Amino acid sequence: MILEYWQSYAKLNAQYIDAMQGMTTLKVFQASKHKGQELEEEAKGVYNRSMKSLGVSLLDSAIVKWGTAAGAAFATGVGALRVTTGDLPVQSLFVILFLVVVFPPFK
């Protein structure tokens, strides 16, 4: 999906450069309006692909961040539970909490 976006972006970029370099010729043959409409349609396609890629990327990032946060919360909860049952010294729970604070999962 992202590869398609970059390919369409490169194609649109090339079309714009060609249109700018050939603007005089387009105007002489009264084809500048048609070329402008063609570029507009292509730009809308690139925009739509861009928004689709952005949505997928944001969803992927959100899932990873929520998973990381859930893992940190789970580790802290399990550590607290083990301290209350006496299986883990309090100092070890402080190490877990320190790691969660120093290396926060929301970065």
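Which residues form one aromatic cluster?

1. Tyr5, Trp6 and Tyr9 form this cluster. The model is a predicted one, in which local features require pLDDT of at least 70 and side-chain atom pairs count only at pLDDT 80 or more, while totals for chains, interfaces and linings use all residues. Residues are numbered from 1 along each chain as its sequence is written, and side-chain values use heavy atoms, with hydrogens and water left out.

2. Three aromatic pairs are counted, where rings of Phe, Tyr and Trp (its six-membered ring) pair if their centres lie within 6.5 Å; planes under 30 degrees apart are stacked, those over 60 edge-to-face, and the rest tilted. The ring centres of tyrosine 5 and tyrosine 9 are 6.0 Å apart and the planes stand at 35°, so this pair is tilted. Both tyrosines lie in helix 1, four residues apart, about one turn of the helix; helices are DSSP runs (H or I, at least four residues) numbered from the N terminus.

3. Tyrosine 5 is buried at 15% relative accessible area, whereas tyrosine 9 is partly exposed at 41% (buried means under 20%, exposed over 50%, partly exposed in between, with a 1.4 Å probe and protein chains only).

4. The largest nonpolar core comprises six residues: Tyr5, Leu12, Ala19, Leu26, Leu39 and Val46. Such a core is a set of buried Ala, Val, Leu, Ile, Met, Phe, Trp, Tyr and Cys residues joined through side-chain atoms within 4.5 Å. Helix 1 (2–21) and helix 3 (32–85) each supply at least two residues of this core, and helix 1 gives the largest share, three residues.
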